[in-house]
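Here are my notes on this model, point by point. Have the structure open while you read.

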Amino acid sequence: PNRNSVEEAARFMQQHDRFLVLSHVNPDGDATGSALGVALILEQLGKKYVVVNEGETPAKFNFLPRFDRLLNLEKQPLDETFEAVIAVDCADESRMGDVRSFFRSDASLLNIDHHPTNDGFGSVNLIRTDAAATAEILYDVALAAGVSFNEELALCIYTGLLTDTGGFRYSNTSPKVMEIASQLLRYGVKPGEVAERCLEEITFAHIKILRLALQSLQLSHRNLVASITVRKEDFAVSGAEREDAGGLVNYCRNIEGVEVGVSFIEAEAGVVKVSMRARDRVDVSAVAKQLGGGGHAKAAGCTVRGSLPEAQDIVWRALGEALGVNSHE
Ligand code: 5GP
Ligand code: MN
Ligand code: MN
């Protein structure tokens with residue numbers, strides 16, 4: 001794919017007047033912080049925009065500026081189409097969900113992302129796989145666009161950095177991440193408050209779904225793989241929503257000696273959302289890509305069509321090949 005510079009991305013924002021801004025389905029802190037960060041940059045440039053997601057954005061992010069401008073397309077379809085589109089944190093077009101119908105046929109698309117599996121689907125592609133978060137790239141775009149930083153823009157970018165580094169703990173926590181974060185604190189970001197909302201606070205429904213999910217915890221592949229399974233009924237029983245099931249996969253990966261943690265979440269009958277987290281031995285983005293998904297070396301995912309046992313069979317087989325160990329060993 002062609003690779004473009006931050007200056008070209010900034011020019012894209014300056015050249016058009018009206019934008020559709022979007023991130024990925026089931027948005028996380030980086031997707032939401034980056035989409036709203038783009039919105040704030042566009043405002044400073046005197047541009048008009050609509051910011052959308054295919055579904056609902058988790059309410060935990062409602063401390064972010066312009067959160068109330070985020071449209072949920074499942075509830076509120078748009079009544080216009082767009083000539084300029086900005087996609088953030090999306091590795092490929094399928095991650096955008098069902099928003100393509102609002103692009104004009106001749107639409108130009110700016111693709112800002114940090115996933116190694118990004119296939120360069122934009123007309124302008126600002127892809128930096130060394131960036132810990134899309135928000136890290138956005139920091140440079142804001143500088144190149146000449147906008148001034150304030151607490152609101154800083155909060156959006158900080159939220160992306162904080163969440164995609166797992167609270168500045170994952171191996172993607174580079175000197176640059178810490179330098180930008182320190183700069184953002186000078187604009188007034190309150191790190192304790194952001195961490196409380198993004199990392200500490202959990203819903204009661206999360207604990208209830210966790211309690212059910214832990215009963216399914218199992219080891220395979222000579223105890224190198226730990227898996228957790230959430231059935232569709234578990235959501236009904238616990239009253240949890242899909243967003244309440246986030247983070248379950250970390251309990252698997254964190255077990256001593258485990259190389260890969262996996263969660264199998266039955267989103268609807270015949271559709272299983274798979275999340276994988278790795279220590280060192282396996283590049284789970286390669287495994288996910290093989291199964292039609294993508295992500296990063298240590299955090300990746302895919303969606304498998306089939307029953308839970310079918311999804312487990314497919315994923316465990318692929319992990320067995322990657323580890324050189326059979327699932328039943
Ligand atoms: P999660 O497991 O938290 O949903 O996602 C972990 C990482 O993998 C994120 O970087 C996310 O963007 C990526 N990812 C998850 N599911 C998919 C998928 O179905 N397709 C692609 N391309 N990436 C995914
Ligand atoms: Mn993301
Ligand atoms: Mn990201």
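Into which domains is the protein divided?

1. **Ground rules.** This is a predicted model, in which local features need pLDDT of at least 70, side-chain atom pairs count only at pLDDT 80 or more, and totals for chains, interfaces and linings use all residues. Residues are numbered from 1 along each chain as its sequence is written, while chains are lettered from A and ligands numbered from 1 in the order in which they are written.

2. **The two domains.** The division is into domain 1 (6-200) and domain 2 (204-323), with bounds that come from an automatic or database domain assignment. Their centres, taken over C-alpha atoms, are 26 Å apart. Nine residues from domain 1 and eight residues from domain 2 make up the contact; two residues are in contact if their C-beta atoms, placed from the backbone, lie within 7 Å. On the domain 1 side, the touching residues are four nonpolar, four polar and one charged. In this scheme Ala, Val, Leu, Ile, Met, Phe, Trp, Tyr, Cys and Pro count as nonpolar, Asp, Glu, Lys and Arg as charged, and the others, Gly among them, as polar.

3. **What the record says.** Residues 19-160 are 27% helix and 25% strand, with end C-alpha atoms 21 Å apart. For residues 238-319 the figures are 32% helix and 32% strand, and the end C-alpha atoms lie 30 Å apart. Helices (H or I, at least four residues) and strands (E, at least two) are DSSP runs, numbered from the N terminus.

4. In soluble globular proteins, nonpolar side chains tend to be buried together. Here the largest nonpolar core has 62 residues, of which Val21, Ile157, Tyr158 and Leu161 touch the most other members. A second, separate core has 36 residues, including Ala213, Phe235, Ala245 and Val249. Such a core is a set of buried Ala, Val, Leu, Ile, Met, Phe, Trp, Tyr and Cys residues joined through C-beta atoms within 7 Å. Neighbours within four places in sequence aside, Val21 is in contact with Ala35, Val38, Ala39, Tyr49, Val51 and Ile86.

5. **Pro27.** Look at the loop between strand 1 (18-22) and helix 2 (29-44), where Pro27 lies. Is Pro27 buried or exposed? Pro27 counts as buried because there are 25 C-beta neighbours inside 10 Å; the cut-offs are 20 or more other C-beta atoms within 10 Å for buried, 12 or fewer for exposed, and partly exposed in between, with C-beta atoms placed from the backbone. Beyond four places in sequence, Pro27 is in contact with Thr32, Asn53 and Thr57. Glu56 is 29 residues away from Pro27 in sequence, with 8.4 Å between the C-alpha atoms.

6. **Two positive phi values.** Most residues other than glycine have a negative phi. Arg66 has phi near 65° and sits in the loop between strand 2 (48-53) and strand 3 (70-72). Arg222 has phi near 50°, and its loop runs between strand 7 (218-220) and strand 8 (225-230). Arg66 is partly exposed, with 16 other C-beta atoms within 10 Å, and Arg222 is partly exposed with 14.

7. **Glu266.** This residue is in strand 9 (residues 260-268). Glu266 has 19 C-beta neighbours inside 10 Å, so Glu266 counts as partly exposed. Residues up to four places away in sequence aside, Glu266 touches Val230, Arg231, Lys232, Val272 and Leu308.
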